[in-house]
Structure formats: structure tokens, C-alpha cells
Amino acid sequence: MGGVIAVLGRQGAGKGTQCAMLAERFDTVVHVSTGDMLRDAAALDTPLGRRAGAIMAAGELVPDDVMCDVVAERLAALEDSGATVLLDGFPRTPAQAEALAGMTASGGLRGAVLLEVCVAEVSERMLARGRGDDTAAGIARRLELYEAQTAPLVEWFADRGLLQTVDGTGEPAEVFDRLAAAIGGLVPLRLSR
Ligand code: ADP
């Protein structure tokens with residue numbers, strides 16, 4: 001594997017959109033979104049999906065052990081591909097960060113990029129997006145959990161010399177250029193044909 005880069009940031013900061021654009025533009029960049037994996041599992045009504053569906057609808061977090069298994073399995077499947085993985089939505093808790101460090105113990109964790117957008121703006125964006133879990137109550141709960149569980153990871157990555165912060169406001173194309181520059185400083189990027 002070409003390495004793992006964790007993409008951090010509040011719900012609605014644009015992680016999913018930007019990671020999908022980066023994976024499209026650059027060869028060997030793969031987007032792994034835990035939210036998408038869980039929504040796919042729920043749509044397919046798999047055991048994971050049945051377990052996660054109600055938790056997601058309530059804006060709560062799926063248990064760490066479940067998420068760590070899901071991510072470890074996906075990273076293992078990509079191990080031999082040479083891909084650079086943009087990990088979107090994981091880690092979200094200190095326990096998940098420790099687990100990720102274990103999964104990438106051989107130096108695979110290249111860094112973390114924090115996509116920074118303020119609470120007022122992400123709330124507005126999510127209400128406009130209107131995904132199933134984007135109700136006023138669901139948004140408030142997810143943002144509360146972000147501050148409590150996920151925001152401490154910013155320091156966790158910074159303490160390890162792994163953090164870069166990117167301004168997530170402005171035109172999507174501008175944000176894309178900033179992110180590509182940050183990621184390009186961590187791994188070689190090659191344009192897709
Ligand atoms: P958002 O960040 O806007 O909440 P995501 O698509 O990243 O959207 O996640 C949707 C839901 O999936 C979360 O609210 C949570 O219930 C679940 N989820 C995703 N990733 C994780 C994770 N790493 N740990 C626990 N739950 C997760």
C-alpha cells in the first residue's frame with residue numbers, strides 16, 4: 001500500500017466530496033469512506049448494515065470494535081495494491097486512532113489532513129444537503145460527538161508530527177487545490193489519464 005492519509009474535519013466540511021474528486025483526478029488514490037461503507041451495508045441489509053442503520057439514523061457512533069474490524073479488513077484488501085488510501089470518517093475516536101496506528105505500524109500512516117470549516121457553516125451545508133440523517137437534531141448530535149470524541153484527534157496527530165490543516169471554505173475547486181497540495185507533500189501524485 002502506498003500509505004494511509006486520514007482526512008479529519010467536521011461533518012459537512014466536504015471530506016466526502018473532496019476525497020471523491022481526489023480519487024478521480026489522481027491515479028493510485030483510493031477513497032475509503034466509513035460512512036459510505038455503512039450506508040452501503042444498510043442498503044444491502046447485511047448484518048453490519050442492520051446493526052449500524054439505527055445508530056447512524058440517531059447520529060450516534062457505531063462501536064469502536066465494529067469500526068476497527070471494518071477498516072482493518074478494507075485496508076488489508078488494499079495492502080498489495082500500492083494505492084494511497086484517503087481515509088474519510090475514520091478515526092473518529094481516540095481508540096480508533098490507536099487502532100489505526102496498530103494497523104499501519106510498518107510506517108503506512110503518512111499523515112492527517114484537517115479540513116477546517118466552522119460549526120455555523122457546516123450546519124448550514126448539512127441542512128441544505130438533506131441526507132437522511134441530516135435532521136436538525138441529528139446534525140446537532142453528530143457535531144456534539146465530533147467536539148467530544150473526534151476533535152481531540154487533531155492534537156493526537158499534531159503530537160506525532162502528522163497533522164496539516166487546510167482551509168475548507170471557498171469554492172470547491174480552491175479547496176481541492178489546497179488539499180491536493182497538502183497530500184502531494186506526503187505522497188507522490190500522478191494525474192489519471
Ligand atoms: P457525517 O460525518 O456527516 O456524520 P459520515 O458519512 O462520515 O457522515 O458518517 C455517517 C454515520 O456513520 C455517523 O454518524 C456514524 O453513525 C457512522 N460512522 C461513520 N464512521 C464512523 C466511525 N469511524 N466510528 C463510528 N461511527 C461511524
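Predicted model: local features only at pLDDT ≥ 70, side-chain atom pairs only at ≥ 80, totals over all residues.

Colleague: What else does H1 lie across?

Modeller: H1 lies across strand S1 (3–8), S3, strand S4 (84–88) and S5. Against S3, H1 runs at about 155 degrees.

Colleague: Now the sheet. What is the order of its strands?

Modeller: The order is S3-S4-S1-S5-S6, an open sheet of five strands with parallel pairing. Neighbouring strands are turned by 25 degrees against each other on average, ignoring direction.

Colleague: What makes S3 and S6 the edge strands?

Modeller: Strand S3 (29–33) and strand S6 (163–167) each pair on one side only. That's what puts them at the edges.

Colleague: How do you know that S5 and S6 count as a pair?

Modeller: The cut-off is at least two bridges between the strands. Strand S5 (residues 109–116) and S6 have five, in the parallel sense, so they qualify as a pair. Two examples: leucine 114 has threonine 165 in S6 as its bridge partner, and leucine 115 has valine 166.

Colleague: And what about S1 and S5, how many bridges do they have?

Modeller: Five bridges, again in the parallel sense. Valine 7 stands opposite valine 113 of S5 there.

Colleague: Why is S5 called mostly covered?

Modeller: Six of its eight residues are buried.

Colleague: Glutamate 116 is found in S5. Why is glutamate 116 called partly exposed?

Modeller: Its relative accessibility is 38%. Buried would need under 20%, and exposed would need over 50%. The value falls in between, so glutamate 116 counts as partly exposed.

Colleague: What does glutamate 116 touch, leaving aside its neighbours within four places in sequence?

Modeller: Its contacts are Thr165, Val166, Asp167, Gly168 and Thr169.

Colleague: On to the cysteines. How do you know that the disulfide count is zero?

Modeller: A disulfide needs two cysteine sulfur atoms within 2.5 Å. For cysteine 19, the nearest cysteine sulfur is that of cysteine 68, and it is 19 Å away. Looking from the other end, the closest cysteine sulfur to cysteine 68 is in cysteine 19, at 19 Å, so the two are too far apart for a bond. By this rule the count comes to zero.

Colleague: Are those cysteines buried or exposed, and what makes you say so?

Modeller: Cysteine 19 has 1% relative accessibility, so it counts as buried. Cysteine 68 is at 13%, so cysteine 68 counts as buried too. The cut-off for buried is under 20%.

Colleague: Where does threonine 28 lie, and what is its phi?

Modeller: Threonine 28 lies in the loop between strand S2 (26–27) and S3. Its phi is near 70 degrees, which is positive in a residue other than glycine. At 39% relative accessibility, threonine 28 counts as partly exposed.

Colleague: And aspartate 45, what is its phi?

Modeller: Phi of aspartate 45 is near 55 degrees, a positive value, and this residue isn't glycine either. You'll find aspartate 45 in the loop between helix H2 (34–43) and helix H3 (47–57). Its relative accessibility is 44%, so aspartate 45 counts as partly exposed.

Key: Residues numbered from 1 in each chain as written. Heavy atoms only, no water. Helix = DSSP H or I, 4+ residues; strand = E, 2+ residues; numbered from the N terminus. Axes fitted to C-alpha atoms, helices over the stretch in contact; angles between N-to-C directions. Contact = heavy atoms within 4.5 Å. Buried < 20%, exposed > 50% of the residue type's maximum accessible area, 1.4 Å probe, protein only.
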